[in-house]
Amino acid sequence: MAEQLAASAGTLGQALDLSKDASLDVSICSTQDKSVNIGHVEAEYSAPDAGLNTEKTKAHASVGISGAINIADAKTEIGLGRVGQIDGKVTAGTINAHGKMEAKAEIKGLTDTSASLKASAGAEAMAIDGHAGFEVSITPKTVGDTLGGLYNSYVDPVVDSVAGRDVPEIPEVPDNFDHGIVIGGHIDGGYGASLKGSAGIEIGDGKGVKVSGSFKAGLGPVVGAGVTFGAK
């Protein structure tokens, strides 16, 4: 019976899988942490899909439509080691419309679980749009590994040179010390028209939980903000 149910769900997922996506970028500069594009077009449509596996039970559902047209955009990211990152983006001539809801659940054995529920909707047409955000993970491991990485990269070579030998580097902090809090946020500003929002909750593999939400609105001057908070 379980095998028949799995087969039926898999067939249903294949039958309803109408996901379509297309994107086009014309870039004049693109690296790992920064890019400048003179044109970007993106479209996506997805219909509900279903799947079930009795060995490692999984469930997934999604429905939505989204699209974006950008005349030009520039973005950059600044890494903070394992602690997190800061990102920024400026876009000119933006048209976005999207509405999407996602639900996902996984059960792996008796202890490892993950689930997420996300929803977003809105539309905007911006002459210019700016975004700045950050996310940091504050745990003994992320802080220790980041400080240790800075020491190993910049201080240890000097110590080796002075000592005349290879002084051992600071080792990574064990994974069982990777527990703490995750904090993030962003602000948006620009000129145009916008009304959109999103909310979500994620529970990841028994390791923590993350809650997020954002809102952006305006006609003329546009402002927006979002926050993320979690524990791991």
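Visitor: What pattern does the protein chain follow, read along the sequence?

Guide: Before anything else, keep in mind that this is a predicted model. The order of elements runs α-β-β-β-β-β-α-β-β. That gives two helices and seven strands in the protein chain.

Visitor: Where is confidence lowest in the protein chain, and where is it highest?

Guide: The general idea comes first. Where pLDDT is low, the predicted coordinates should not be read in detail. Here, helix α1 (residues 2–16) has the lowest confidence, with a mean of 38, while strand β7 (residues 209–231) has the highest, at 95. Over residues 1–18 the pLDDT stays under 50, and the model has 16 contacts beyond four places in sequence for that stretch. For the protein chain, the mean pLDDT is 78, with 74% of the residues at 70 or more.

Visitor: What percentage of the residues count as buried?

Guide: Of the 232 residues in the protein chain, 24% are counted as buried. The accessible surface is about 14200 Å², and carbon and sulfur atoms own 65% of that. As for contacts with a separation of 6 or more, 66% of them are between residues 24 or more positions apart.

Visitor: Which residues make the nonpolar surface patch?

Guide: The patch covers about 1100 Å², and its members are Ile 78, Ile 86, Phe 134, Ile 138, Val 143, Leu 147, Leu 150, Tyr 154, Val 155, Ile 181, Ile 183 and Phe 229. Two or more residues each come from β5 (112–138), α2 (140–163) and β6 (181–203). Helix α2 gives the largest share, five residues.

Visitor: Is Tyr 154 buried or exposed?

Guide: To read burial, compare the relative accessibility with the cut-offs: under 20% is buried, over 50% is exposed. Tyr 154 sits in helix α2, and Tyr 154 counts as exposed because its relative accessibility is 61%. Leaving aside neighbours within four places in sequence, Gly 79 is in contact with Gly 84 and Gln 85.

Visitor: Which side chains does Glu 124 join in polar contacts?

Guide: Glu 124 is in strand β5, and Glu 124 is buried, with a relative accessible area of 5%. The side chain of Glu 124 has a polar contact of 3.0 Å with the side chain of Ser 194, and another with the side chain of Lys 216, at 3.2 Å. Then look at Asp 129, also found in strand β5. Asp 129 counts as buried at 11% relative accessibility, and a 2.9 Å polar contact joins the side chains of Asp 129 and Lys 216. Beyond four places in sequence, Asp 129 is in contact with several residues, including Glu 124, Lys 89 and Gly 190.

Visitor: How many salt bridges does the count come to?

Guide: The general idea is simple. Side chains of opposite charge can pair when their charged atoms come close. In this model the count comes to 11 salt bridges. One of these is between Asp 145 and Arg 82, at 3.3 Å, N to O. Asp 145 is in helix α2 and Arg 82 in the loop between β3 and β4 (84–108), so the pair links distant parts of the chain, 63 residues apart. Asp 145 is buried, with a relative accessible area of 11%, whereas Arg 82 is partly exposed at 40%.

Visitor: Which residue forms a salt bridge with Asp 145 at 2.9 Å?

Guide: That is Lys 141, with the closest N and O atoms 2.9 Å apart. Lys 141 and Asp 145 both lie in helix α2, four residues apart, about one turn of the helix. Lys 141 counts as buried, at 3% relative accessibility.

Visitor: Which residue forms a salt bridge with Lys 118?

Guide: Glu 202 does, with the closest N and O atoms 3.6 Å apart. Lys 118 in strand β5 and Glu 202 in strand β6 are 84 residues apart, and the pair links distant parts of the chain. Lys 118 is partly exposed at 35% relative accessibility, and Glu 202 is partly exposed with a relative accessible area of 34%.

Terms used:
Residues numbered from 1 in each chain as written. Predicted model: local features only at pLDDT ≥ 70, side-chain atom pairs only at ≥ 80, totals over all residues. Heavy atoms only, no water. Buried < 20%, exposed > 50% of the residue type's maximum accessible area, 1.4 Å probe, protein only. Contact = heavy atoms within 4.5 Å. Areas by Shrake-Rupley, 256 points an atom, 1.4 Å probe, with all protein chains shown as cover. Patch = residues over 30% accessible without salt bridge, like charges linked within 9 Å, V, L, I, M, F, W, Y side chains within 5 Å. Salt bridge = Lys/Arg side-chain N within 4 Å of Asp/Glu carboxyl O. Polar contact = N/O pair within 3.5 Å; in protein donor to acceptor, adjacent residues only side chain to side chain. pLDDT = per-residue confidence, 0-100.
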